[in-house]
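Let's take a friendly walk through the inside of a protein model. Keep the structure open beside you and look up the residues as they come.

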Amino acid sequence: MTRCCAVYGYECTRPASIGRFDLQPRYRTLSEAHEKARDKSKYHLTAVIVGDRIDDLLAFRLEAILSFIEHLDVIVTDPIEVGASNPFEAFPSTLPTHGRHDGGGATLMEDMFIGNSRAKFIGACLEHLEDEARSARTRFGDLLFKKVETFRQRRPLVEVSYFLLYSGLEAHARAVTNDPSSRHSSSVPITNLLVGYGFDVSVERPADLKRAMSTYTHLRNALFHNAQLEAEVNINGHITVLKLRDYYVELLLLVSLVVFKAVPFDDGHINWNSWIDRQPFK
């Protein structure tokens with residue numbers, strides 16, 4: 001018999017074959033699919049995953065990937081066996097929730113506008129995670145799963161979210177640049193990683209602190225060591241107070257872009273400077 005997972009809260013309108021499974025949307029109009037997927041008061045059954053070789057681990061990984069795309073918590077159930085009838089009938093149409101927290105809007109455009117772009121990302125991301133040697137070598141799982149956990153928290157706390165973002169980025173950067181924690185301040189491997197990925201950043205940049213990776217490191221250190229949401233730093237002989245709230249969104253958006261770079265994935269519509277100008281697509 002065919003195995004099937006229910007998907008709650010993911011927006012899709014086009015069927016897609018991805019690796020060893022098919023994604024079948026429940027809604028075919030953009031307005032209805034968007035309304036159901038973005039509802040924060042409950043989870044709506046929006047799609048099913050169907051295939052003969054799907055398992056619990058695939059469901060777990062897929063849940064994180066779809067949540068990353070939506071930047072809302074998405075549920076993918078463990079697979080069950082279904083007959084030849086309509087697979088949607090095997091699952092409840094809604095699930096309750098205490099509230100889904102918006103992580104800042106979807107990171108990819110709707111499939112109604114860009115065809116199979118989302119499906120290609122899902123496939124590429126799964127391929128990276130399923131290549132266990134590659135994933136361990138790049139610490140990609142740390143980067144992706146910690147990013148997703150920032151908005152999956154029952155009550156998101158900025159200090160927890162900031163640490164998750166930074167630690168996931170640092171783990172990926174040190175792994176890819178082969179720079180263990182004993183060698184350099186984390187600003188150095190993070191900068192080297194991002195420059196290699198094509199981002200305009202530096203370790204220090206007094207004239208543009210948002211592009212200085214030391215800014216985010218100072219704030220991580222103040223948060224981790226002193227439980228403070230701001231840091232006093234000496235910049236060119238002047239004491240400057242860095243406030244976490246002034247740089248949190250930049251780090252949040254930057255880490256999403258790094259996930260795409262790490263896969264790697266580019267559908268031609270991602271604005272790689274969006275962590276600065278806040279325009280996600282081009």
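This report covers the cysteines, the aromatic rings and the nonpolar cores.

**Cysteines**

Please bear in mind that the model is predicted. How many disulfides does a search of the whole structure find? The count is zero. A disulfide is a covalent bond between the sulfur atoms of two cysteines, and here a pair of sulfur atoms would have to lie within 2.5 Å to be counted. For Cys12, the closest cysteine sulfur belongs to Cys4, and because the distance is 12 Å, the two are too far apart for a bond. Cys125 is in no disulfide either, as its nearest cysteine sulfur, in Cys12, is 17 Å away. Are these two cysteines buried or exposed? Cys12 is buried, at 3% relative accessibility, and Cys125 is buried too, with a relative accessible area of 0%.

**Aromatic rings**

Turning to the rings, the whole structure holds nine aromatic pairs. A pair of aromatic rings is described by the distance of the centres and the angle of the planes. Two of the pairs involve Phe68, and the table sets them out.

| Pair | Distance of centres | Angle of planes | Kind |
|---|---|---|---|
| Phe68 and Phe121 | 5.8 Å | 35° | tilted |
| Phe68 and Phe260 | 5.4 Å | 65° | edge-to-face |

Why is the pair of Phe68 and Phe260 called edge-to-face? Its planes are at 65°, and the label applies because the angle is over 60 degrees.

Phe260 belongs to helix H10, residues 248-262, so its pair with Phe68 ties together parts 192 residues apart in sequence. Phe68 is buried at 0% relative accessibility, Phe121 is buried at 0%, and Phe260 is buried with a relative accessible area of 2%. Ring pairs also bring in Phe265, giving a cluster of Phe68, Phe121, Phe260 and Phe265.

Phe265 turns up again in the surroundings of Ser117. Ser117 lies in helix H4 and is buried, at 5% relative accessibility. Setting aside neighbours within four places in sequence, Ser117 is in contact with Phe265 and Asp267.

The charged end of Lys261 sits over the ring of Phe199, 5.9 Å from its centre. Lys261 also lies over the face of Trp272, at 4.2 Å from the ring centre.

**Nonpolar cores**

In soluble globular proteins, nonpolar side chains tend to be buried together. Which residues touch the most other members of the largest nonpolar core? They are Phe121, Ile122 and Phe199, in a core of 70 residues. H10 supplies the largest share of this core, with 10 residues. Beyond its neighbours within four places in sequence, Ile122 has contacts that include Tyr10, Phe21, Leu62 and Ile69. Another core, of 10 residues, lies apart from the largest one, and Tyr8, Leu45, Val48 and Phe91 are among its members.

Terms used:
Residues numbered from 1 in each chain as written. Predicted model: local features only at pLDDT ≥ 70, side-chain atom pairs only at ≥ 80, totals over all residues. Heavy atoms only, no water. Buried < 20%, exposed > 50% of the residue type's maximum accessible area, 1.4 Å probe, protein only. Phe/Tyr/Trp six-rings, centres within 6.5 Å; stacked < 30°, edge-to-face > 60°. Helix = DSSP H or I, 4+ residues; strand = E, 2+ residues; numbered from the N terminus. Lys NZ or Arg CZ within 6 Å of the ring centre and 35° of its normal. Contact = heavy atoms within 4.5 Å. Core = buried A, V, L, I, M, F, W, Y, C linked by side-chain atoms within 4.5 Å.
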